[in-house]
Amino acid sequence: MLDENIKNQLLTIINPERYLDQPEALACYAYDAFVEESLPDAVIFPKTTNEVSGILKIASQFKVPVTARGAGTSVCGAPIPVKHGIIVCFSKMDTILDVNTRDRYIIVQPGVVNADIQKALAPFGFFYPPDPGSMNTATIGGNIAQNAGGPRCLKYGVTVDYVLGLEVVLASGKIIRFGSKNVKDVTGYKLTSLFCGSEGTLGIVTEAILKVRPLPETTKTLMVMFDDLDNTARAVTDIIGSGILPAAMELMDQMTLTAIEDAANLGLDKTAQGSLLIELDGVEEACEKEMKQIIEKVKENGATHIQEANSESQRQNIWTARRAAYGIFAKLAPDIMSEDVTVPVSKVPAMIRKIVAIAHKYRLKVGVLAHAGDGNMHPMIPTNKADRDEWHRVKKAFDEIFEAAAQLDGTLSGEHGIGLAKSKYLPLVMNQDTIDFMKIIKKAVDPDNILNPGKFA
Ligand SMILES: Cc1cc2nc3c(=O)[nH]c(=O)nc-3n(C[C@H](O)[C@H](O)[C@H](O)COP(=O)(O)OP(=O)(O)OC[C@H]3O[C@@H](n4cnc5c(N)ncnc54)[C@H](O)[C@@H]3O)c2cc1C
């Protein structure tokens, strides 16, 4: 519970209906899709930027921690209020303020759900490329704070590539605006990039100008099965190495395929050891030509079954199942640990071999799901935290998976971010001076460390 005086001051700017501090309500904001929990003291639902500014002025005066929250779908513990304090939840700032396809931007409040942006743009023949698997729930504020990616980011790039401008409230309550409605803008430091991936530790996003793109003329989707996981991974390297850049290239191993098939009944071959879901988009003739080249490459790597989606509904079914994979997996055991180590694409086969060997060493089941075309892997280990011996082995396995990624010139996270899950691994991929540099930035912007404290900076 917040001190009564602080609560009363907050209630001078926030309607009491938008202030929660009952224990049962607070419990709903103590967790995300990671495995830790910590209770906030209060949850506030602002409706305007000025309200956010007012909350932060009070929080900074009394040095109360403030953690922004979108939909709570983070898988790394980023929105968990480890130092308690106030959760600022953006579900009531969810308005699309402007759609301007002529100038190729959309302006949104932070609580707008990613999929609602797609729905707003589709009638104009436009789309917003970043498409996290959680797009039907996750908010744009969370996407920006995590620099979210998704399957088609292979071709189109991630969130930071689409943020033209931001309105941000600083820890002091000051409101700053940077970037603009222009696709080209080289005015001062690229602050949009600094805030993308900052996980709510530098400021709170209250408005975003996002770049949008025209929808491609055509889309072709292919599902390919292999009887060997190594061959599956080598097909990825071969396709990318040949100069073809699909919109998406998703790899699933047998355990993932089986879990999806058992849940969604799509007729997937459960005996296949690996599969690739490949999507091309663009103009018809180019897609046809590249599809032929891809089919040659997967055959050279021993594909056992190749099927092109023959209708939009079949394509949608495949993607719905793929997007549901994490949720399906999460039902296999009380807890699930999923990470997103990323390696250069030529090292995908080696990284997958390492993941499988490490899981075997620690007697754990692992499902491998990957945005393989950009080297971004999601090893998923279903587990039970209450089984202390198994939980210990899971943690050891992930220590080694991160070490293996670093040894292969990889990195800790391709899209999920650092949060609570990965801060201890930062020294594997950054030297101490670099980590200190991030801390200097944090200290300059948030001297009292009230914004999402206890995370990586
Ligand atoms: C099934 C599933 C599939 C997923 N697939 C993908 C995927 O394909 N790609 C991917 O990148 N991620 C994926 N994720 C992870 C997650 O959905 C993303 O990280 C997403 O961007 C989080 O958005 P959110 O609204 O849920 O944010 P939250 O989880 O609520 O918060 C995430 C972080 O953003 C901060 N934050 C939230 N709003 C603001 C704001 N307005 N200003 C400043 N900081 C803010 C929070 O403090 C926190 O640090 C997946 C998660 C699940 C559960």
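## The shell around the ligand

Helices are DSSP runs of at least four residues, numbered from the N terminus. With that in hand, look at the ligand in this predicted model. Helix 5 gives the most to the shell around the ligand, namely five residues. Helix 5 covers residues 140–146. Strand 3 (66–69), strand 10 (204–211) and helix 11 (312–330) also supply at least two residues each.

The ligand is surrounded by 37 residues. Gly 70, Gly 133, Gly 141, Gly 142 and Gly 200 are the closest. By type, the shell has 15 nonpolar, 18 polar and four charged residues. Two domains take part: domain 1 (4–89) and domain 2 (96–214) each give at least three residues to the shell.

## The overall fold

Now step back to the whole protein. The secondary structure consists of 15 helices and 18 strands. The radius of gyration is 22 Å, close to the 23 Å that the globule rule gives for 457 residues, so the protein is as compact as a globular protein of that length. The C-alpha trace spans about 70 × 60 × 45 Å along its principal axes.

Contacts reach across the sequence. Take those between residues at least 6 apart: 72% of them join residues at least 24 apart.

## The nonpolar core

How many of the protein's residues count as buried? Of the 457 residues, 50% do. The largest nonpolar core holds 130 residues. Within this core, Ile 55, Val 88, Leu 210 and Val 236 touch the most other members. Helix 13 (residues 388–407) contributes the largest share of the core, with seven residues.

Leave out residues up to four places away in sequence, and Val 88 touches Ile 44, Pro 46, Val 52, Ile 55, Val 66, Ala 68, Arg 69 and Ile 204. One of these partners, Ile 55, is also among the core members that touch the most others.

## An exposed residue: Glu 284

Where does Glu 284 sit? Its place is in helix 10 (residues 284–300). Is Glu 284 buried or exposed? Glu 284 has 11, so Glu 284 is exposed.

Glu 284 touches Glu 217 and Thr 218, not counting residues up to four places away in sequence. Cys 76 lies elsewhere: Glu 284 and Cys 76 are 208 residues apart in sequence, and their C-alpha atoms are 40 Å apart in space.

Methods:
Residues are numbered from 1 along each chain as its sequence is written. This is a predicted model: local features need pLDDT of at least 70, side-chain atom pairs count only at pLDDT 80 or more; totals for chains, interfaces and linings use all residues. The radius of gyration is taken over C-alpha atoms; the globule rule is 2.2 Å times the number of residues to the power 0.38. A residue is buried if 20 or more other C-beta atoms lie within 10 Å of its own, exposed if 12 or fewer, and partly exposed in between; C-beta atoms are placed from the backbone. Two residues are in contact if their C-beta atoms, placed from the backbone, lie within 7 Å. A nonpolar core is a set of buried Ala, Val, Leu, Ile, Met, Phe, Trp, Tyr and Cys residues joined through C-beta atoms within 7 Å. A residue is near a molecule or strand if its C-beta atom, placed from the backbone, lies within 6 Å of it. Ala, Val, Leu, Ile, Met, Phe, Trp, Tyr, Cys and Pro count as nonpolar, Asp, Glu, Lys and Arg as charged, and the others, Gly among them, as polar. Domain bounds come from an automatic or database domain assignment.
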